[in-house]
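Dear colleague,

I am passing on the structure we spoke about, and my notes on it follow below. Please read them with the model open beside you.

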Amino acid sequence: MAATTVLERGGIAAVDYRCSATPSDRPFVEVHPAFSINYVRKGSFGYRSGGRSFELVAGSVLVGRPGDEYVCTHDHVQGDACVSFRLAPALVEAIGGKSAIWRSAALPPLPELMVFGELAHAAMAGSSDTGLDEIGMLLAARFVDLASGRTPAPSVSGARALDRRRAVEAALWMDAHAHEPIDLEGVAREAGLSPFHFLRLFAKVLGVTPHQYLVRCRLRHAARLLPDEDRSITGIAFEVGFGDLSNFVRTFRRAAGVSPRGFRRVARGDRKIFQEQLAALS
């Protein structure tokens with residue numbers, strides 16, 4: 001596991017994690033050193049903590065609480081990459097939310113969180129002028145809002161290993177082909193299952209339906225491309241797999257709270273758009 005601290009300021013740190021573990025590597029117990037929000041950028045891994053097990057794929061979010069033990073596994077695919085925001089207790093208290101939501105667990109890919117995860121990736125890559133500390137606080141605040149009214153991703157402790165593998169491999173395939181026309185029947189065929197059984201299995205393991213995950217893959221890819229001002233927004237919409245511009249704009253705005261054009265302005269350092277959210281954390 002390679003971990004590079006790319007920012008440490010004002011009660012928040014950003015760490016770039018690159019894991020190259022393989023299915024043959026033996027898992028071991030680790031301990032969360034701090035409160036953290038961890039965004040999965042690519043790859044997949046299993047996560048066990050507090051008697052619950054989860055399968056995480058690109059777009060998932062892992063929540064850590066200091067002192068909680070956990071184990072990561074790579075039963076299905078080699079390696080993953082995550083951006084982790086570690087939060088000081090004072091910052092967690094300022095952001096708010098019931099203490100129970102900071103219990104170590106996982107959330108399925110949610111568009112409201114993915115757009116900020118991708119913005120963090122753009123900032124680390126140097127293609128966004130927005131501060132990583134700002135992005136981390138916005139991501140944490142959005143997580144609290146969502147977790148206060150949502151149930152975390154379902155534990156998959158009872159799911160068969162074969163079912164977990166099929167769901168994860170299907171998610172990886174969908175992510176790689178998200179720019180193409182994909183329907184339930186087609187992806188179920190790739191998984192070797194009937195559409196009904198695949199739908200039930202996928203939702204049980206990953207916490208979202210195949211169509212939800214497909215749309216969120218497209219949003220995630222769009223959020224990664226939007227900071228590049230040489231690309232037109234219309235071109236990005238079609239490139240990532242949306243059939244028309246209006247659907248893309250409507251879906252993106254619902255996820256990010258701003259239009260794709262507004263998100264591009266944020267990526268270029270326009271802080272006015274989210275100044276109210278940031279002010280609420282001060």
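In which helix does leucine 206 lie? Leucine 206 lies in helix α6, where helices are DSSP runs of H or I with at least four residues and strands are runs of E with at least two, numbered from the N terminus. Please note that this is a predicted model, in which local features need pLDDT of at least 70 and side-chain atom pairs count only at pLDDT 80 or more, while totals for chains, interfaces and linings use all residues. Residues are numbered from 1 along each chain as its sequence is written, and side-chain values use heavy atoms, with hydrogens and water left out.

Leucine 206 is buried, at a relative accessible area of 3% (buried means under 20%, exposed over 50% and partly exposed in between, with a 1.4 Å probe and protein chains only). Leaving aside residues up to four places away in sequence, leucine 206 touches Glu55, Val57, Pro108, Pro109, Ala167 and Ala171 (contact means heavy atoms within 4.5 Å). Leucine 206 and valine 57 are 149 residues apart in sequence, yet their C-alpha atoms are 8.1 Å apart in space.

Ala167 and Ala171 are also among the buried residues of α4, which include Asp163, Arg164 and Met174. Seen down the axis of α4, the buried residues fall within an arc of 160° (taken from the directions from the helix axis to the C-beta atoms), so they line one face of the helix. What covers them includes β4, β5, α5, α6 and α7.

Finally, six of the eight residues of α10 (260-267) are buried, so this helix is largely enclosed by the rest of the structure.

With best wishes
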